[in-house]
Structures are given as C-alpha cells and as structure tokens.
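Colleague: Could we go through this model together? I would like to begin with one residue and then move on to the whole chain.

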Amino acid sequence: MEFCHTSVLLEECLEGLSIRPDGIYVDATTGGGGHSLAIVQRLDTGRLICFDRDWEALTAAKIRLADYLGKITFVQSNFANLKEQLARLEVASIDGILFDLGVSSYQLDNPQRGFSYMRDAPLDMRMDQTQDYSAWEVVNQESEAELRRVIGLYGEERFAGRIAAAIVSKREAAPIQTTFQLVDVIKSAMPAAAKKEKQHPAKRTFQAIRIQVNGELRAVETAVADGLTCLKPGGRCAVISFHSLEDRIVKHIFQEGARGCTCPPAFPVCVCGKTPRIRLVSHGSLTAGQEEQCENPRARSARLRVAEKL
Ligand SMILES: C[S@@+](CC[C@H](N)C(=O)[O-])C[C@H]1O[C@@H](n2cnc3c(N)ncnc32)[C@H](O)[C@@H]1O
C-alpha cells in the first residue's frame, strides 16, 4: 500500500520550531516523513533524528527522505525512550522536537492494521507490530470492569458500561476477531438515538482501544516532559494533538514548566525556589485555518502547542 498522509499544520510547526540550519532536531513521530522533509530541507550542517515505533512508517519515510539521508538518523523506538535513545546516539541536547501525535492516514487506511472502524480487518491496532498486546487481547481478554474503564476514560464514551457488557457477552460464545464484528457489537449496545449522531457510533470505542493497545497517554506524558529536559536554552518543543486527552496532558506539562514560584501569596518570601523552565510560545493552542480544514478533514481536530526552553 502506498504511504499517503497529509501533514497537518506544517507551516505553523516550522515557524514554531524556529529552525536553525546547524541545529539538532528530533521528529518524534516521523510517519510518512512530511514534517521531517520540511525540517531537513532547512538544515545545512544540522541533523534530524527521526523516531517512529512503526517500521512500515520508517521504511516509507526513508524513501521520501532519500535525498537527505546523510543528515538523518532513523530510530525505530517508542518516543517514550527518547532520553535513552539520544544517550545511545551520544546526543547531549537538542534544538527542537516535534510530536505529531496519534496515527497516520496510512495506518488508518491500511486494511491489515485494524485501526479503522470503516474497514474490515483482524483486530490489531498495534503501532509497533512486534508488541504482543493488540486490540484482540483488549477485546477478548480484559475484564468487563477494565473494558468499561478504558472505553469510558480513553473514549469519553457515555455508553462505556453497555458496550463493555455487550463485548463480554458476545465473546462468551466465541472470540471477537474482526473490526466489523466489534462495530456490530458496539452498535448493538447503543440506543437508537445515539446511533443516529453525526459521529460514527464506534469512533470513541475504537479510539479508546487504540490508546490502550499503544499506551499512548503514558508515552506522551513521559516523552513531552523528557523532550523539554533535552532542549538547549532557546530550543523549541512543538506538539500537535488530536483529542482532548492528549492536549490536556501537553497543556498541563507546559503550564507547569512555565510556572515560577508556587508559594502561597501570603508568604513574604519564596521558599519553593521554583523558577520557570520554559516559556509558552503560543498562548493557548493553534488550530488549522479554514482552508486546511477543508482540504484535510484530519486537521479539524488538530491543536498545536509550542514551548521554548529558557
Ligand atoms: C500523525 S503520524 C505522523 C505523520 C508525520 N508527521 C507526517 O507528516 O507524515 C504519527 C506517527 O507517530 C507514530 N507514533 C505514535 N506514537 C508513537 C510513539 N509513542 N513512539 C513513536 N512513534 C509513535 C505513529 O506510528 C505514526 O507513524
């Protein structure tokens, strides 16, 4: 399958990263290499380190970035291992890091990967295909209570309890094997009115299972915090998120980093000694313009936050 993914908020990311031609940059989520290409084209003596957990994505990126391979190091790893991987490469600090979170259009559209409720496929959803835990294990082996927690928390699905109960009841007869079987179970658990809503009835549950399979929120929390630590003074961290759970984590980490003294106002002098480590480059989050949202529906839910190390 051809790797097809339109990069979101590309110009805004480049501006946010404020790229130095001699800098060391990390693309933590290389995907099809769209953002990477734009970054590496702005480097002369600089270097780009391209992370992805998905070897198919890195393989596609290597082709797209073929003219610049001398300036790029590819790392197949979870970005949660950012610090260890940079230490292995003997990179002490970086000038910028980009996170374009979530899945690529290629992963969603590839019928073999099982990410999409629109395509029939074996239940999978692993970004890293070497990992053992897949959507099949979540759906067929997690307890009803855990399914309710995952679907409620990561999918923000108000019918999480009904869907969890329906999954457990269905799998008693035989394991649920495919995405379309799961879609049918989800639909069977939802009230008629909810099935008529604009959003596909399985969207939130599929998002929840994908987040659970890939440990997405934990990885974001670790990696964004570590990314800020690894930046040189003046270095930039740009994060694009696609749902409120991710964005909340990023917002919290950035706000914490930008906050100075946390002593109660009544204290005559500061005793906490805390000083800001970063400054927020964009106050609040940036969203895609009307034109980009029309051209690329994925851009509609994208939010970009940028911070600079002090
Ligand atoms: C939205 S796509 C990136 C698209 C890319 N910016 C482009 O322009 O082509 C996200 C990519 O990040 C990867 N990814 C998601 N979570 C990851 C993690 N924890 N560690 C490493 N890669 C991850 C996915 O496998 C996917 O290829």
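Predicted model: local features only at pLDDT ≥ 70, side-chain atom pairs only at ≥ 80, totals over all residues.

Colleague: Where does leucine 9 lie?

Modeller: Leucine 9 lies in the segment before helix 1, which covers 10–17. Its backbone deserves attention as well: leucine 9 has a positive phi of about 50°, although it is not a glycine.

Colleague: Then what about serine 18: what is its phi, and where is it found?

Modeller: Serine 18 is not a glycine either, and it has a positive phi of about 45°. Serine 18 is found in the loop between helix 1 and strand 1 (24–27). It is partly exposed, because 16 other C-beta atoms lie within 10 Å.

Colleague: Let us turn to the ligand. How many residues surround it, and which are the closest?

Modeller: The ligand is surrounded by 22 residues, and the closest are Ser7, Thr29, Gly31, Gly32 and Gly34. Helix 2 (34–40) and strand 2 (47–52) are the elements that give two or more residues to this shell.

Colleague: How do the residues of that shell divide into nonpolar, polar and charged?

Modeller: In the shell around the ligand, seven residues are nonpolar, 11 are polar and four are charged.

Colleague: Which residues of helix 3 are buried?

Modeller: In helix 3, residues 55–64, the buried residues are Ala57, Ala60 and Ala61. Seen down the helix axis, they fall within an arc of 100°, so they line one face of helix 3.

Colleague: Why do residues three or four places apart point the same way in an α-helix?

Modeller: An α-helix has 3.6 residues a turn, so residues with that spacing point the same way.

Colleague: And what do the buried residues of helix 3 pack against?

Modeller: They pack against helix 2, strand 2 and helix 5 (105–109).

Colleague: New topic: how is the protein chain divided into domains?

Modeller: Domain 1 comprises 10–106 + 216–309, and domain 2 comprises 110–214. Their C-alpha centres lie 29 Å apart. Nine residues of domain 1 are in contact with eight residues of domain 2. On the side of domain 1 that touches domain 2, four residues are nonpolar, two are polar and three are charged.

Colleague: Could you also say something about glutamate 144? Where is its place, and is it buried or partly exposed?

Modeller: Glutamate 144 is in helix 7, residues 144–155. It counts as partly exposed, because it has 14 C-beta neighbours inside 10 Å. Leaving aside its neighbours within four places in sequence, glutamate 144 is in contact with Ala164, Ala165 and Val168.

Colleague: Finally, how many helices and strands does the protein chain have?

Modeller: The protein chain has 14 helices and eight strands. Of its 310 residues, 44% count as buried.

Key:
Residues numbered from 1 in each chain as written. Near = placed C-beta within 6 Å. Helix = DSSP H or I, 4+ residues; strand = E, 2+ residues; numbered from the N terminus. Nonpolar A, V, L, I, M, F, W, Y, C, P; charged D, E, K, R; others polar. Buried ≥ 20, exposed ≤ 12 C-beta atoms within 10 Å, placed from the backbone. Domains from an automatic or database assignment. Contact = placed C-beta atoms within 7 Å. Arc of directions from axis to C-beta.
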